[in-house]
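Please look through the sequence and the model below before reading on.

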Amino acid sequence: MSVPEDSTVRAVTFKLNGGVLGTNGSPAACPKCGEQHLLTVRVVPDEIGETPTYVECPWGHLWAEPTLPQRVFAGLLAAVAEEYPEEWAALNRVLAERGRLVAGA
Ligand SMILES: [Zn+2]
């Protein structure tokens with residue numbers, strides 16, 4: 001995946017309307033309030049791998065979620081970029097203009 005070279009954006013942010021299963025098979029949940037929906041995940045292109053994704057619940061609690069490593073979402077993005085290059089280019093334009101993407105809205 002690629003982010004425009006002149007972009008200062010370092011993270012791709014997804015707002016998930018539904019819950020998301022972690023690699024342990026359980027839904028990701030806020031450690032403070034237990035919220036499992038409307039989570040926002042942050043994928044950092046420079047940290048693709050086993051680094052936990054940062055997740056924020058609707059109530060502003062932010063945590064590193066080890067069951068959602070960066071590679072999970074990076075893999076999705078890479079698959080989209082390869083399979084749908086025109087749509088990927090459109091997404092990159094949105095990202096460059098707005099600094100974030102909203103999925104499932
Ligand atoms: Zn919370």
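**Strands and their pairing**

R42 has Y54 in β3 as its bridge partner. This is a predicted model, in which local features need pLDDT of at least 70, side-chain atom pairs count only at pLDDT 80 or more, and totals for chains, interfaces and linings use all residues. Residues are numbered from 1 along each chain, as its sequence is written.

- β2 and strand β3 (residues 52-56) run antiparallel and are joined by three bridges, where two strands are said to pair if DSSP finds at least two bridges between them.
- The open sheet has four strands in the order β1-β2-β3-β4, and the pairing is antiparallel.
- β1 and β4 (62-69) are the edge strands of this sheet, each of them pairing on one side only.
- On average, and with direction ignored, neighbouring strands of this sheet are turned by 35 degrees against each other.
- In general, strands of a sheet pair through backbone hydrogen bonds, either parallel or antiparallel.

**The chain as a whole**

- The protein chain holds two helices and four strands, which are DSSP runs numbered from the N terminus (helices are H or I, at least four residues; strands are E, at least two).
- Starting at the N terminus, the order of the elements in the protein chain is β-β-β-β-α-α.
- Helix α1 (residues 70-83) lies across β1, β2, β3 and β4, and runs at about 80 degrees to β2; such angles run from 0 to 180 degrees between N-to-C directions, with axes as lines fitted to C-alpha atoms, for helices over the stretch in contact.
- Of the 105 residues in the protein chain, 14% are buried, meaning that 20 or more other C-beta atoms, placed from the backbone, lie within 10 Å of the residue's own, while 12 or fewer make a residue exposed and values in between make it partly exposed.

**A loop residue, G19**

- G19 sits in the loop between β1 (12-16) and β2 (39-43).
- G19 counts as partly exposed because 15 other C-beta atoms lie within 10 Å.
- Leaving aside residues up to four places away in sequence, G19 touches P27, Q36 and H37, a contact being two C-beta atoms, placed from the backbone, within 7 Å.
- Although G19 and Q36 are 17 residues apart along the chain, their C-alpha atoms are separated by 5.4 Å.

**Confidence**

- The mean pLDDT (the predictor's confidence in each residue, from 0 to 100) of the protein chain is 79, and 81% of its residues reach 70 or more.
- Residues 1-9 have pLDDT below 50, and this stretch has 14 contacts in the model beyond near neighbours in sequence.
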